[in-house]
Amino acid sequence: MYFFVILFLALMAYLVYFNVVRAKTIVNSPYNERQNNFAEQVVRGSITDKNGVVLAETQVAEDGTEMRVYPFGSVFAHVIGYSSQSYGKSGLEASENFDLLTSNAFFIEKIRNEFQDKKHMGDTVVTTLDASLQQAASQAMGQNKGAVVVMEASTGKILTMLSSPSFDPNQIEYEWDYLNTDEDNSPLLNRATQGAYAPGSTFKIVTALEFMREYDNYEDYRYDCYGSINYGETTINCFNSTAHGTQDLRSSLANSCNSSFANIGLTLDKTSFRKTAEDLLFNKKLPCTMDYTKSSFTVDKNTDASEIMMTAMGQGNTLVSPYHMALITAAVANGGKLMEPYLVEKVTNYTGTEITKNMPKNYKNLMTAEEAFQLKEYMSAVVTEGTASLFNGAGYTVAGKTGTAEYSMSDGEKTHSWFVGFTNVDNPDIVISVIIEGYDGNDGARAVPIAKQVLDAYYQNQ
């Protein structure tokens, strides 16, 4: 009897867990045929930005034919995604499928619809996205390949998630074959979350944090930079072989001195360095509802001196997404605390009555408040006296870090340009992460003016 009572209680507990925790995930699975049943009864709901601007909606013709429409075309393609009879769903169209195919219309209206053999109107997903800011990011990006992520440091709300090149979800049925065979541009790839790039000098934030953790006297650090560093058979040059002179840790970050950070790398404990990287979510799962690529940090106790030097200044084998760099930057801005990022503000019925609402919550402390304060000061110096001086006089304060990452292709050397940072330094407003992918030339700060255009647009609309 006790055995069967335990089995019964276990079954009831699982049913409760399934309905509360797992139901939405199971229903959203593309393999779940119940979705088709929902679609037969409910007109797929709309997706809007935080101000109610429609980003996706279903238009119903007089004969009952339904068409999914994306008013902004390619601008929101990766984050909103697509919903296709032939090719499934992506982005928020996939992750919010359950809510979009659920109707919380007034019950009398639903009864009337039943008698009239009419579909119910699906619920509306109100996102945290800002349509005007997303458009500004798209205009700033232009024809470049890359990504932009903007989020609020204190809440985790994602305001912008842009990937370029993009595609028009209105044309997904007609362009599918082309989009899947365009290997040069990979337009279906969400570079913001799925891109895996060498972080370049933005990784010096991580190296500086590790050096601070290992050496209590880090403020006494000094290094004489002559434009390059030689160790064994390894030579590392500063950008354009610039000789930076005597550098402390602050000026090393502000000037993005490769030689100094390669020198710092030689002093670090490899096991401790890996732990700090993993504290910042390298090699770990990320808080993300979108498909993403896990970032990679490969240093271990067997890593040789050449590799540790390269890793410390942002090259080596380290790979990271723009989204992940935004999370690290958000933790610095927010006193070491990473708020859980989210894209959905609330769900309402089609008339606007609120059904559910998401609230900000702490995800994890990535560093101490003291560490974050020190990194914030160093990143402020990047703007006031270093490689991101373009932001001086912008009308708002910025702390950040530039980065370039060089790599070889069959047609020669290519470069990625990075900028990560946050605004209103004393009481941070928003965090931005920008990457410009694979261009020719020595314009290492190419991401900075693009980031500035986006931030300017944010403050112009406040």
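## Charged pairs

R274 counts as partly exposed because its relative accessibility is 27%, where partly exposed covers the range between buried (under 20% relative accessible area) and exposed (over 50%), computed with a 1.4 Å probe and protein chains only. The model is predicted, so local features need pLDDT of at least 70 and side-chain atom pairs count only at pLDDT 80 or more, while totals for chains, interfaces and linings use all residues. Residues are numbered from 1 along each chain as its sequence is written, and side-chain values use heavy atoms, with hydrogens and water left out.

The side chain of R274 meets that of E278 in a salt bridge at 3.3 Å, N to O, a salt bridge being a side-chain nitrogen of Lys or Arg within 4 Å of a carboxyl oxygen of Asp or Glu. Both residues belong to helix α13 (residues 270-279), where their spacing of 4 residues amounts to about one helical turn; helices here are DSSP runs of H or I with at least four residues, strands are runs of E with at least two, and both are numbered from the N terminus. Salt bridges with shared partners also join R213, K275, D279 and E371 into one network.

| Pair | N to O distance |
|---|---|
| E93 and R44 | 3.0 Å |
| K157 and E345 | 3.3 Å |
| E278 and R274 | 3.3 Å |

For E93 and R44, whose side chains meet in a salt bridge, the link is between distant parts of the chain, since E93 is in helix α4 (residues 91-95) and R44 is in the loop between β1 (42-43) and β2 (47-48), 49 residues apart. Both of these residues are buried. K157 and E345 also form a salt bridge, and because K157 lies in the loop between β9 (146-152) and β10 (158-164) while E345 is in strand β16 (residues 344-348), this pair ties together parts that are 188 residues apart in sequence. E345 is buried, with a relative accessible area of 12%.

## The open sheet

Strand β16 also takes its place in an open sheet of 6 strands, ordered β4-β3-β2-β8-β16-β17 with mixed pairing, where two strands pair if DSSP finds at least two bridges between them. The edge strands β4 and β17 (354-357) each pair on one side only. Strand β3 (residues 54-60) runs antiparallel to β4 (residues 66-69) over 4 bridges, and E57 has V69 in β4 as its bridge partner. This hairpin has 5 residues between its strands, and G64 there takes a positive phi near 90 degrees. By contrast, β2 and β8 (residues 124-127) run parallel, joined by 2 bridges, with I47 opposite V125 in β8.

## The chain as a whole

The chain contains 17 helices and 21 strands. Its radius of gyration is 25 Å, close to the 23 Å that the globule rule gives for 462 residues, so the chain is as compact as a globular protein of that length; the radius is taken over C-alpha atoms, and the rule is 2.2 Å times the number of residues to the power 0.38. The C-alpha trace spans about 80 × 65 × 45 Å along its principal axes, and buried residues make up 51% of the 462 residues.
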